[in-house]
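Here is a short briefing for a first look at this structure. Keep the sequence and the 3D view open as you read.

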Amino acid sequence: IVVLNYLVKLLSLTIQASPGTIKMLLSQKTLLARVQELALASTRFTKHPVTPLRDVLFDFMCVLSSNQDAVCHIWKSGFMADFPKMEKQKTEPEKLVHWLRLVIHGTYTGYGQRMSLTIPNILDIILESCQKSSILMLVRNLVFNAKCHPKLLTHSSILQFVMECVDENKPKQTLLALQVLYYFARLSNKAKTILKNQGCGNVMVRYDFTTKDKDIGELRGLSDSLLEMFC
């Protein structure tokens, strides 16, 4: 286990230092298959020998997902098929967090954006995860892909959730929420209409900046742009 721990960490560091090594790793199908098998085992079994390495294994999978070819490999291998099963394990939210991180990393690629919405009930699962910043990050990434718009727009709660996050007035969370609203309204006329009808303008009028907002410039810029769109 100790050797495996160092090996997986070394692989992660190698990819971060030299992204070009991903192609070499993808050619090592036996090695990748073994790492994926261990990552699955770490979430399926509470007392499996590799369970203590869950963080390290999923860190590696997330780093690997910075590359579109790697994301394609992960999805085509069937690895992500276990994600929906997490919906039945709400008593173990720490497991869901790892899967959510992996999905988010994958959505920085076009392929990952499209494939994430093929997971049954994915939007409902993430909303129940209570990981607000992670949910917003995922939705923001999906907004940039027009093929993802229909599912986002037809979901009954996603846009309302995003607007509620603005109202909570937590700087990092608010920034992500404003990015979702701004880019969605800019990229989709239908989204703009729906947001306007749901009172997005009123949300922006209520939003109160504080001197503690680290990203005050971007927050104010996004807020002003949204006010101009909806008010």
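**Glutamine 179 and the overall fold**

Glutamine 179 is found in helix H12. The model shown here is predicted. The protein chain has 15 helices and zero strands.

**The chain as a whole**

- The protein chain has 231 residues, and 51% of them count as buried.
- Its accessible surface comes to about 11,700 Å². Carbon and sulfur atoms account for 55% of that surface.
- Take the contacts between residues at least 6 apart in sequence: 69% of them join residues at least 24 apart.

- Is glutamine 179 buried or exposed? Glutamine 179 has a relative accessible area of 10%, so it counts as buried, the cut-off being under 20%.
- Glutamine 179 touches Arg140, Glu218 and Leu222, with residues up to four places away in sequence not counted.

**Helix H12 against helix H13**

- Helix H12 covers residues 171-187, and helix H13 covers residues 189-197.
- The axes of H12 and H13 come within 5 Å. They cross at roughly 125°.
- That angle makes H12 oblique to H13.
- Which residues meet where H12 contacts H13? From H12 come Leu181, Phe184, Ala185 and Leu187. From H13 come Asn189, Ala191, Lys192 and Leu195.
- The residues of this contact divide into six nonpolar, one polar and one charged.

**Phenylalanine 230 in H15**

- Phenylalanine 230 lies in helix H15, which spans residues 216-230.
- Phenylalanine 230 has a relative accessible area of 8% and is therefore buried, as the cut-off is under 20%.
- Phenylalanine 230 touches Ala185, Lys192, Leu195, Lys196, Cys200 and Gly201, leaving out residues up to four places away in sequence.
- How many residues separate phenylalanine 230 and lysine 192 in sequence? They are 38 residues apart along the sequence, and 8.4 Å apart in space from C-alpha to C-alpha.
- Ala185 of H12 and both Lys192 and Leu195 of H13 take part in the contact of H12 with H13. Phenylalanine 230 touches these three residues too.

**Phenylalanine 58 in H4**

- Phenylalanine 58 lies in helix H4, residues 54-64.
- Its relative accessibility is 0%, so phenylalanine 58 counts as buried.
- Phenylalanine 58 is in contact with Ala39, Ser42, Thr43, Phe79, His98, Trp99, Arg101 and Leu102, its neighbours within four places in sequence aside.
- Histidine 98 is 40 residues from phenylalanine 58 along the chain. Their C-alpha atoms are separated by 6.5 Å.

**Helix H5 and its two ends**

- Helix H5 runs over residues 68-76.
- Which residues of H5 are buried? They are Ala70, Val71, Cys72, Ile74 and Trp75.
- An α-helix has 3.6 residues a turn, so residues three or four places apart point the same way.
- Asparagine 67 caps the N-terminal end of H5. One of its side-chain oxygens lies 2.8 Å from the backbone nitrogen of aspartate 69.
- Glycine 78 follows H5. The phi of glycine 78 is positive, near 90°.

**Asparagine 141 in H9**

- Asparagine 141 has its place in helix H9, residues 132-143.
- At 4% relative accessibility, asparagine 141 counts as buried.
- What does asparagine 141 touch, not counting residues up to four places away in sequence? Its partners are Ile104, Thr107, Tyr108 and Gln113.

Terms used: Residues are numbered from 1 along each chain as its sequence is written. This is a predicted model: local features need pLDDT of at least 70, side-chain atom pairs count only at pLDDT 80 or more; totals for chains, interfaces and linings use all residues. Side-chain values use heavy atoms; hydrogens and water are left out. Buried means under 20% relative accessible area, exposed over 50%, partly exposed in between (1.4 Å probe, protein chains only). Helices (H or I, at least four residues) and strands (E, at least two) are DSSP runs, numbered from the N terminus. A polar contact is a pair of N or O atoms within 3.5 Å; within protein, one must be able to donate a hydrogen and the other to accept it, and residues adjacent in sequence count only if both atoms are side-chain atoms. Axes are lines fitted to C-alpha atoms, for helices over the stretch in contact, and angles run from 0 to 180 degrees between N-to-C directions. Angles under 35 degrees count as roughly parallel, over 145 as roughly antiparallel, 65 to 115 as roughly perpendicular and the rest as oblique. Contact means heavy atoms within 4.5 Å. Ala, Val, Leu, Ile, Met, Phe, Trp, Tyr, Cys and Pro count as nonpolar, Asp, Glu, Lys and Arg as charged, and the others, Gly among them, as polar. Accessible areas come from the Shrake-Rupley method with a 1.4 Å probe; for residues, only the protein chains shown count as cover.
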